[in-house]
Amino acid sequence: MSAAFRTVFGSLDDYRKGSIELVKGDARHYAFSNVFEVASQSAAYEKVVVGLNLGYVIEVLRAEGRSPWFHCAHDEFAICMDGEVRIDFLKLDAPLREGEGTELAGEQPLGKPMGYVLLKRGHQALLPAGCAYRFESPRPGVLLQQTIKGPLSVEKWADICLK
Amino acid sequence: MAMLETPEPTRTFALDEVEASQPDSVTGYRSFRLGAFTLSRDEYFARVEWPAKGQLRSHLIPADAFLRAMMRDVAWGFFYGWVNFDAVIGTRNHYGKVDLYAGTFNGVLKEAGVDYIEQFETPKIMATFKAILRDWTNAGFDPFAAPEETGSAFGRKHGDNIEAIERFRIATRRMPGLPDDSPLRDDLPVNRQFADVPQDEPEVHAAEGFEGELHAINLFKYLSRSDVTWNPSVSSVCKASLFCPTTEEFILPVFHGNDRIEWFLQLSDEIIWDVGDKDDGTPRARLTMRAGDIAAMPADIRHQGYSTKRSMLLVWENATPNLPQRYESGELKPYPVDF
């Protein structure tokens with residue numbers, strides 16, 4: 001009888017960063033980082049760019065406490081990689097129509113509450129264009145965001161990547 | 001397949017242009033001509049022949065590896081850039097036309113001048129590849145599955161497995177599970193190697209009047225029910241930014257040389273990537289990626305992954321159309337960031 005398969009996921013408290021065995025070239029060209037390590041070194045809801053493809057980004061956010069309200073002129077997506085995150089949504093009276101990337105929606109944006117979703121590890125939510133959304137997490141967690149580079153995107157490749 | 005969905009501008013299939021022989025009297029398999037190439041198979045090997053330097057050249061690939069590679073090339077519609085079946089044979093997608101080559105992206109063969117490359121209209125090469133897959137895939141062999149999950153590709157022709165090679169192509173416009181978008185996989189079983197992956201759905205609490213406007217899914221559950229290996233499929237679309245997660249087991253059946261940068265984010269377990277020069281195949285690096293690791297695959301390399309346990313991988317593509325020319329002209333660097 002063989003042992004059952006165990007699927008290994010990462011978390012803030014338990015991750016094992018991989019490696020590059022270089023034959024030739026420059027290890028930096030692979031921009032290799034680990035999202036849990038990045039989140040462990042980030043401020044709450046700092047949007048750290050871990051993937052950049054001609055303006056499109058993957059950002060890692062440390063989910064801890066309550067975030068500001070964000071909004072965006074296009075669809076974005078969030079995937080919970082660790083912990084439990086609540087996302088509240090507002091249908092904005094004056095939705096953002098132009099621009100790219102996430103922007104702050106202000107202290108108390110005007111709009112109608114649309115409800116909320118509760119994400120656990122592996123869960124993915126649509127962050128629809130023109131809505132405001134806010135993250136909340138009772139204990140530290142990790143979010144991935146699929147979006148476009150915006151005014152809140154933080155690039156610090158030299159701090160996060162294998163060299 | 002990891003492309004943006006666009007209406008097909010032209011015919012995509014040319015069954016009448018397939019040049020197939022009668023079944024061989026001993027093995028039962030047909031052979032196929034594609035321009036100056038001949039493709040045939042026997043009990044163990046696929047054989048590819050082409051002319052160079054006034055001689056007929058040939059190359060053998062084990063039938064199982066060949067069919068796994070061809071399955072991906074067909075399912076992906078020739079994908080992005082170069083799909084190397086091995087160090088000699090492969091295709092390059094020009095999005096409407098496709099090159100089939102032998103040795104052209106192998107440093108030694110190219111240098112010796114014994115390589116050959118020929119371009120085909122996509123419908124003709126697609127129809128021929130599909131006909132090869134239909135004829136050469138025997139009953140009990142699923143070229144989309146990992147070796148432990150399926151039977152043998154070897155032996156003389158015995159039956160077929162049309163169902164396995166004609167799997168319904170999933171096209172996602174925004175996110176799976178939305179109305180009028182690709183379905184979730186609740187009717188597919190959880191793969192044996194993901195039996196421990198939680199199957200709970202996110203809680204969605206829509207306020208009155210906003211029912212159906214909030215959307216969330218369990219992505220890891222969705223992946224745990226993938227019935228194929230090494231098949232990037234779109235799960236979220238932010239303009240030209242495509243998240244294309246897939247489940248991986250055994251070896252990526254092709255050595256993919258992209259015509260643009262792509263990124264890998266390991267969602268579970270571990271994959272080792274062999275990375276070589278895109279043009280001549282010489283080794284450059286070997287990356288070990290574990291859960292949470294993210295890395296770019298530069299536009300001037302080819303890569304092939306190894307995954308012992310079935311693992312979850314997020315492949316991230318930029319589907320902007322004019323990127324190959326911008327990388328080839330040198331306007332864009334082959335790697336994503338300087339630091």
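Which residues line the second largest cavity? I'll answer that, then go through the other cavity and some salt bridges. Keep in mind that this is a predicted model.

The lining of the second largest cavity is made up of Leu184(B), Arg185(B), Asp186(B), Glu201(B), Ile217(B), Asn218(B), Lys221(B), Tyr222(B) and Arg225(B). The space inside comes to about 50 Å³. Two elements of chain B, β11 (216-218) and α5 (219-224), each supply at least two of the lining residues. Sorted by class, the lining has five charged residues, three nonpolar and one polar.

Now the whole structure. Searching it turns up two cavities of 30 Å³ or more. The largest cavity has a volume of about 110 Å³. Its lining has 16 residues, and those nearest the centre are Pro232(B), Leu252(B), Phe264(B), His303(B) and Val315(B). In chain B, β13 (241-251), β15 (262-266) and β19 (301-318) are the elements that give two or more residues to this lining. β19(B) gives the most, with three. By class, the lining of the largest cavity has 10 nonpolar, four polar and two charged residues.

On to salt bridges. Over all chains, the search finds 39. I'll pick out a few.

In chain A, Arg62(A) and Glu64(A) form a salt bridge, with 2.7 Å between the closest N and O atoms. Arg62(A) counts as buried because its relative accessibility is 15%, under the 20% cut-off. Glu64(A), at 34%, counts as partly exposed.

In chain B, Arg30(B) and Asp135(B) meet in a salt bridge at 3.9 Å, N to O. This pair links distant parts of the chain, 105 residues apart: Arg30(B) sits in the loop between β1 (19-20) and β2 (32-34), and Asp135(B) in helix α3 (residues 122-136). Arg30(B) has a relative accessibility of 30%, so it counts as partly exposed. Asp135(B) has 9%, so it counts as buried.

What about Asp277(B) and Arg284(B)? Their side chains also meet in a salt bridge, at 3.1 Å, N to O. Asp277(B) is buried, with a relative accessible area of 13%. Arg284(B) is at 16% relative accessibility and therefore counts as buried.

Last, which residues are linked in a network of salt bridges? They are Glu148(B), Glu149(B), Arg192(B), Glu249(B) and Arg310(B).

How values were computed: Residues numbered from 1 in each chain as written. Chains lettered and ligands numbered in written order. Predicted model: local features only at pLDDT ≥ 70, side-chain atom pairs only at ≥ 80, totals over all residues. Heavy atoms only, no water. 1 Å grid on protein atoms, 1.4 Å probe; cavity = no way out; pocket = protein on both sides within 12 Å on 5 of 7 lines; lining within 4 Å. Points joined across faces, edges and corners; volume = space filled by probe spheres on them. Helix = DSSP H or I, 4+ residues; strand = E, 2+ residues; numbered from the N terminus. Nonpolar A, V, L, I, M, F, W, Y, C, P; charged D, E, K, R; others polar. Salt bridge = Lys/Arg side-chain N within 4 Å of Asp/Glu carboxyl O. Buried < 20%, exposed > 50% of the residue type's maximum accessible area, 1.4 Å probe, protein only.
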